[in-house]
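Dear colleague,

I am passing on to you the structure below, which I understand you have not worked with before. Please look through it first, and then read the notes that come after it.

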Amino acid sequence: MITFPMLLFTGLFAFFSGNVHAFTIMYECRFRSVIRVLLPSSAYFVYSLFSGVDDVPLMIFRIVILAAASLLLFAAETLISRYSEARKSIPNSVSVSAISEMYTKKLNQELVIKNYLTDRNARLEERENISRSIHNSVGHSITAAIVTLEASDMLFDKSPEKAREKLLTAKERIRTGLDSIRHAVRVLDDETVSISLSDFLTGINTAADEFVMDTMRVIHMDLPEKNDELLIPREHTEFLTGAFQEILSNGVKHGNADVFFLHITVDSSHIKLTVNDNGESDFSSENAASRLREGFGLRKLKSYADRCGGLTFFSNENGFKTEIMLPFEGGHNG
């Protein structure tokens with residue numbers, strides 16, 4: 001775009017000066033810096049010195065004309081170059097903007113999906129906790145009620161008063177099951193609150209006493225000393241209490257066990273519950289995987305422990321044995 005103006009200035013200079021060497025202005029095209037402004041004038045000045053100068057003012061005038069023309073051409077080419085670069089950069093800017101917008105939309109979409117999955121996992125976890133609580137608490141209550149009703153049926157002819165007591169006990173157990181359902185489906189604000197080891201052991205003793213009263217089974221317990229200072233997550237204590245009830249019910253229902261051994265150990269960061277019974281079970285290392293996959297109760301126990309970073313162990317040697325160990329961040333009152 002600058003070639004034609006260069007040729008025009010060269011022709012005009014040659015015509016008015018009568019100098020056949022006016023082509024030196026064309027040297028402008030060989031440099032891309034400010035030196036291009038001075039090159040034609042400098043070349044003309046050197047040529048004039050060697051060829052002899054008759055009219056110095058005319059030579060100076062021609063040097064100024066050459067410098068002015070070179071400056072004008074340099075400015076014009078600079079503006080044209082910047083304009084061309086700007087035009088070229090527009091599509092790039094649009095492209096970068098489009099890519100950036102597309103990337104932003106993708107990030108927003110991924111964020112929406114991530115939030116959805118997080119909410120979904122939270123809901124699934126909550127549903128799992130509720131289903132486990134219902135299964136453990138209600139399952140125990142219903143099992144106890146059935147056993148009590150069977151005992152009442154056997155006592156009905158021989159001892160109507162004792163049979164009536166058993167009926168009232170079964171009624172109370174069913175009512176307890178309904179209360180457990182209501183408790184499980186409520187979203188409690190204090191789910192993350194910790195309770196003391198003493199309160200947890202009190203709940204375990206209560207569950208054991210109710211089971212013995214309902215089923216006439218025997219439970220030997222080896223418990224740690226009560227400690228009001230050591231705090232355990234409430235969710236852990238509710239789970240372990242429900243797990244204890246579930247294990248006892250399964251021992252009677254599936255293994256016909258009548259003696260149970262409970263052992264609980266706890267330190268500042270772990271709590272472990274172990275239950276043995278004298279029942280008969282076909283559980284073995286060969287069918288353990290299928291039993292855990294098909295058995296709702298055992299699967300729920302393992303699922304909770306795995307999610308909390310704990311461990312579960314099931315075995316069947318001289319009776320069924322269940323071990324559950326859960327980690328927690330130890331806390332103390334005060």
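Predicted model: local features only at pLDDT ≥ 70, side-chain atom pairs only at ≥ 80, totals over all residues.

I begin with helix 5, which covers residues 197-215, and helix 6, which covers residues 234-255; the two pack with their axes 10 Å apart and at an angle of about 20 degrees. Since angles under 35 degrees count as roughly parallel, helix 5 and helix 6 are therefore described as roughly parallel to each other, and their crossing is right-handed. On the side of helix 5, the contact is made by Phe 200, Gly 203, Ile 204, Ala 207, Ala 208 and Phe 211, while helix 6 contributes residues including Thr 237, Leu 240, Thr 241, Phe 244 and Leu 248. Sorted by class, the residues of this contact are 9 nonpolar and 5 polar, with no charged residues.

If its neighbours within four places in sequence are left aside, Thr 241 is in contact with Phe 200, Gly 203, Ile 204 and Ala 207. Thr 241 has a relative accessibility of 18%, and it therefore counts as buried, given that the cut-off for that word is under 20%.

Turning to the aromatic rings, the structure holds 4 aromatic pairs. In one of them, the rings of Phe 211 and Phe 260 have centres 5.6 Å apart and planes at 85 degrees, so the pair is edge-to-face. Because Phe 211 lies in helix 5 and Phe 260 in strand 4 (residues 259-266), this pair ties together parts that are 49 residues apart in sequence. Phe 211 counts as buried at 3% relative accessibility, and Phe 260 is buried with a relative accessible area of 1%.

In another pair, the rings of Phe 239 and Tyr 304 have their centres 4.0 Å apart and their planes at 20 degrees, so this pair is stacked. Phe 239 belongs to helix 6 and Tyr 304 to helix 8 (residues 296-307), so the parts tied together here are 65 residues apart in sequence. Phe 239 is buried, with a relative accessible area of 2%, and Tyr 304 counts as buried at 0% relative accessibility.

Finally, ring pairs link Phe 283, Phe 314 and Phe 320 into a cluster.

Note on methods:
Residues numbered from 1 in each chain as written. Heavy atoms only, no water. Axes fitted to C-alpha atoms, helices over the stretch in contact; angles between N-to-C directions. Helix = DSSP H or I, 4+ residues; strand = E, 2+ residues; numbered from the N terminus. Parallel < 35°, antiparallel > 145°, perpendicular 65-115°, else oblique. Left-handed = near helix turned anticlockwise from the far one by under 90°. Contact = heavy atoms within 4.5 Å. Nonpolar A, V, L, I, M, F, W, Y, C, P; charged D, E, K, R; others polar. Phe/Tyr/Trp six-rings, centres within 6.5 Å; stacked < 30°, edge-to-face > 60°. Buried < 20%, exposed > 50% of the residue type's maximum accessible area, 1.4 Å probe, protein only.
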